[in-house]
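Dear colleague,

Please find the structure below, handed over for your use. An account of its side-chain contacts follows.

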Amino acid sequence: MTVRRIIGIGLSLSLSLVLLGAATQAATQASARAATSHVDGISDQSLPVWDGGFSSSYLAGLFQGGWVGGAPSQITLARYVVQWNVMSDEYPKYRSEFESWLTDIASIGLTADVALTSYTGKYPSSPGEYQAQLDEILDRARALGHPIRYLEAWNEPNNQGNESALNAARFTNSASATCGQGYGCTTIAGNFEDNPSVSIYEEEYIKNLNPVPAVWGVHPYYSVEQMSEAPFLNFREHLPNKGAGEQIWFTEIAARKCSDFNGHEVENGELGQAERAGWLVNTLMRDARPEHVFYYEFLLGERRQPSCTSEGADGALYVPSADPSAPDRPRAAASYIWGGVSGLWGYPGGAFAANAEQATLTGGV
């Protein structure tokens, strides 16, 4: 072998290694860009009636100025779970609430993500009926000037949505077809709760998908309540390619003060809720690297007080003030959701942590 050839091989190998290193670095950087370090979405049905009405709400002003109006904005996405046939004449109240939500989030520049479900026990009789109703929802949003950018075919089908894996897959296929017909929406598959039986449900669901979406939603309630990554990892392990190359969104999650968990009422208290919020941001999100995270919820509407018995699960970040002229009270968990901050009392418009024993007030009490 000549010296020239040896040198040529060496240069070729060196160049290949450089290119491989550059490709690996680019892939790593792309992966880093894809993950969010903080909660960047809100999933809150009550937003239009915060403090009795969005336009005059104390929290709406705080939310718009702090959570949305920063540089850059922390919250950029908003999610709503709507009755699947909301455009029929059966549900004028549901329709009005949905249209108010579309208008309110558009007024502060948030991008819409909508999930379909049944609140009434009535379900689509076929994929065709589902698709016809979905067309009406998307048409109405577009007519209002607030098109839906992201679409979840069915909310939490293995829990709240109460649908078979086969039907949930068929609805997802219909949603993918509809989004591809000029609506400009992206379908988010799955949106499962990470409960102990999720893998069995997931496998049946995936088997019936055509096409298989690239974006997957999960509601990691079990992971956060138990402060264990095992339920989420079980979900991810059963995704196509074990989740490699897939976008994963936490399309709904909360740190709960109290909940009916596994058939037992659990009272974590506000400090226990804050501990779970911190674990969500600083452990689960750091390790799972979701592309987006939607928190449910910020404040109950019409000044209702959060409680286990009335809501079934209490993850609210704010408690409405008894005095309409006084600010709503942030819970300790709000500080962890706000910007991924780990200080106990750090929240927009209020006190921020100096240390564990001392805080400086910057807002009303």
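Which side chains meet in a salt bridge at 3.1 Å, N to O? They are those of Glu 204 and Lys 207. A salt bridge here is a side-chain nitrogen of Lys or Arg within 4 Å of a carboxyl oxygen of Asp or Glu. Please note that this is a predicted model, in which local features need pLDDT of at least 70 and side-chain atom pairs count only at pLDDT 80 or more, while totals for chains, interfaces and linings use all residues. Residues are numbered from 1 along each chain as its sequence is written, and side-chain values use heavy atoms, with hydrogens and water left out.

Salt bridges

Glu 204 and Lys 207 are 3 residues apart in helix α6 (residues 198-207), so about one helical turn separates them. Helices (H or I, at least four residues) and strands (E, at least two) are DSSP runs, numbered from the N terminus. Glu 204 is partly exposed at 32% relative accessibility, and Lys 207 is exposed at 60%. For these terms, buried means under 20% relative accessible area, exposed over 50%, and partly exposed in between, with a 1.4 Å probe and protein chains only.

A search of the whole structure finds 17 salt bridges. Among them is the one between Lys 93 and Glu 97, whose closest N and O atoms are 2.5 Å apart. These two residues lie 4 residues apart in helix α3 (residues 92-107), so they too are separated by about one helical turn. Lys 93 is exposed, with a relative accessible area of 58%, whereas Glu 97 is partly exposed at 31%.

Arg 331 forms a salt bridge with Glu 270, with 3.2 Å between the closest N and O atoms. Arg 331 lies in the loop between β13 (329-330) and α11 (333-337), and Glu 270 in helix α9 (residues 269-288), so the pair ties together parts that are 61 residues apart in sequence. Arg 331 is buried at 4% relative accessibility, and Glu 270 is partly exposed at 22%. Both residues belong to a network of salt bridges that also links Asp 314 and Arg 329.

Aromatic pairs

The count of aromatic pairs comes to 24. Rings of Phe, Tyr and Trp (its six-membered ring) pair if their centres lie within 6.5 Å; planes under 30 degrees apart count as stacked, over 60 as edge-to-face and the rest as tilted. The ring centres of Tyr 80 and Phe 98 are 5.4 Å apart and their planes stand at 45 degrees, so this pair is tilted. Tyr 80 lies in strand β2 (residues 77-83) and Phe 98 in helix α3, so the pair ties together parts that are 18 residues apart in sequence. Tyr 80 is buried at 5% relative accessibility, and Phe 98 is buried at 0%.

Phe 232 and Phe 250 form an edge-to-face pair, 5.8 Å centre to centre with 70 degrees between the planes. Phe 232 lies in helix α8 (residues 230-237) and Phe 250 in strand β7 (residues 247-253), so this pair ties together parts that are 18 residues apart in sequence. Both Phe 232 and Phe 250 are buried. Elsewhere, ring pairs link Trp 50, Phe 54, Phe 63, Trp 67, Tyr 295, Phe 298 and Trp 338 into a cluster.

Charges over rings

A charge sits over a ring if NZ of Lys or CZ of Arg is within 6 Å of the ring centre and within 35 degrees of the ring normal. The charged end of Arg 256 is placed in this way over the ring of Tyr 221, 4.0 Å from its centre. Arg 149 lies over the face of Tyr 150, at 4.8 Å from the ring centre.

With kind regards
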